Amino acid sequence: GKAFCLMVNISDPHKPFYAQGKGGETIADPHVPTRVFTGDEVPVPGFIPDDEVVRKELAHYYSSVRRADDCFREIMTALDESGQADHTFVMFLSDHGMPLPFAKTQLYHHSTHTPLMVRWPGVTQAGSEDTHHMVSAVDFVPTLLDVMGHKHPTPQRLHGRSFAPLIRGEAQTDRGFVILQYNENSGRNRHPMRGIQTREYLYLYNPWSDGKRKFATATTGTMTYRQMVKRAENETDIATRLRLFDHRVLEELYDVKNDPDCLVNLIGDPNHQAALEELRSQLAQSLNDLKDPVAPLVAAIDDNALRDAYMAKEDERSQNARKARQQKTNKQPNAGAAKRKLKDVINVDVPKSVSRGGKCSVVIHHRIPKSLDSQNLTVTLKSASMDPASNVNARIHREIVKIAGTGEISIDFNVPDEV
């Protein structure tokens, strides 16, 4: 009988992708999506190279996308079964583009042009689409407040603007561009970037780019990036793309209407200078309204000293943040101490050798504090092999036993003949 708000985060299709091992190999994954893609059938985005290695990673990625769809279906099914579907506003969105080079942790078209679906019973119609108005993540909160009939906080509290009228099928003015911002990644590496995108153009400003700093991002850990590095040794076009990814350039301008993959930088093209000046001016004004510290840099685009001073502070801030993080980590108990502490509670005696078809007896010595009462202990026998192609670490048998206080317990496993 009460109103509810439920936010569900589906981890797919973040890494690790479905059935993808650390080295990019295919591994066993018990959570199988309703469709598993193969490398020969996946579409390859134009902003990354097309080859067998990239296709294999994309197959894992698209299978993860499918598994995310499966999860969403289960959530919607549960909503239907609750009987509240006709009284519930649903919004589905993705926070960024695919976690591959030139998408995630970037401000390119395919970094920010992400899925957004809404179902508002009695208001929206299935299959309808708005391809004209541009909305941004900062608009989500004011939109939800409007949909739910809540008052907005003071204007200074929210940078966004409600697009509830658009959901109702109405029109809004001043929906011809969005402002894009990026500052740092989870490793506290700061590479500030700003951008503005209209229906036709994307302008990016990268004050960190000086030809020396190298972009630090999780997407460098992908098979796709490593394959680009490998191919760059012999292929000039790949080497050029890799250099742009690693070091960027100060300014970028793309005709996203005809070049959504952002492959041709038009920053020096005389046919697009009028659009460039207009975008720079609008970006500077919007960033100033947001009190963004990059605003003065865009307004004085040729002031190298101003940009260098700003980045010196950003570099210092990044270093201090990493130092603070390291100091915090150093204060945590190290792994060795944790193991020693565990060894004081649990100690395992295993035989030096076992025979196929025989028994393997494992003795567990335990000293469980009285305050913990009884505990469930899981003991698993797994196979091991020197052959990488074999099913290493496959579970043979598992026992779950209860232990309490100080004592020991013996567990017998039957060793299969084929191990």
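Which side chain does Asp51 join in a polar contact of 3.2 Å? I opened the notebook with this question, working on a predicted model, and found that the partner is the side chain of Arg231.

**Entry on Asp51.** I placed Asp51 in the segment before helix H1, where H1 covers residues 52–82. With a relative accessibility of 14%, Asp51 counts as buried, because the cut-off for that class is under 20%. I then looked at what else its side chain meets, and noted that a polar atom of the Asp51 side chain lies 3.1 Å from the backbone nitrogen of Val53. Leaving aside residues up to four places away in sequence, Asp51 touches Gln227 and Arg231.

**Entry on the cores.** I looked up the largest nonpolar core, which has 55 residues, and saw that Leu58, Met98 and Tyr203 touch the most other members. Helix H7, residues 273–289, gives the largest share of this core, with six residues. Apart from this core lies another, of 13 residues, including Cys360, Val379, Phe413 and Val415. Returning to Tyr203, I listed its contacts without residues up to four places away in sequence, and among them are Ile196, Leu253, Ile267, Leu276, Leu279, Leu283 and Ile301, as well as Arg194, Glu251 and Arg280.

**Entry on backbone geometry.** Most residues other than glycine have a negative phi, and most peptide bonds are trans, so I searched for exceptions to both. Phe102 has a positive phi, near 70°, and sits in the loop between strand E1 (90–93) and helix H2 (109–112). Phe102 is buried, its relative accessible area being 2%. Lys291 also has a positive phi, of about 60°, and is found in the loop between H7 and H8; at a relative accessible area of 74%, Lys291 is exposed. As for cis peptide bonds, I noted one from Asp12 to Pro13, with omega near 0°, and one joining Lys15 and Pro16, with omega about 0°. Pro13 belongs to the segment before H1, and Pro16 lies in the segment before H1 as well.

I recorded a nonpolar surface patch of about 320 Å², made by Phe4, Leu6 and Val8. Val8 is in the segment before H1 and counts as partly exposed, at 43% relative accessibility. Last, I checked Ala300, which lies in the loop between helix H8 (295–299) and helix H9 (304–331) and is partly exposed at 28% relative accessibility.

Conventions
Residues numbered from 1 in each chain as written. Predicted model: local features only at pLDDT ≥ 70, side-chain atom pairs only at ≥ 80, totals over all residues. Heavy atoms only, no water. Helix = DSSP H or I, 4+ residues; strand = E, 2+ residues; numbered from the N terminus. Buried < 20%, exposed > 50% of the residue type's maximum accessible area, 1.4 Å probe, protein only. Patch = residues over 30% accessible without salt bridge, like charges linked within 9 Å, V, L, I, M, F, W, Y side chains within 5 Å. Areas by Shrake-Rupley, 256 points an atom, 1.4 Å probe, with all protein chains shown as cover. Salt bridge = Lys/Arg side-chain N within 4 Å of Asp/Glu carboxyl O. Polar contact = N/O pair within 3.5 Å; in protein donor to acceptor, adjacent residues only side chain to side chain. Contact = heavy atoms within 4.5 Å. Core = buried A, V, L, I, M, F, W, Y, C linked by side-chain atoms within 4.5 Å.
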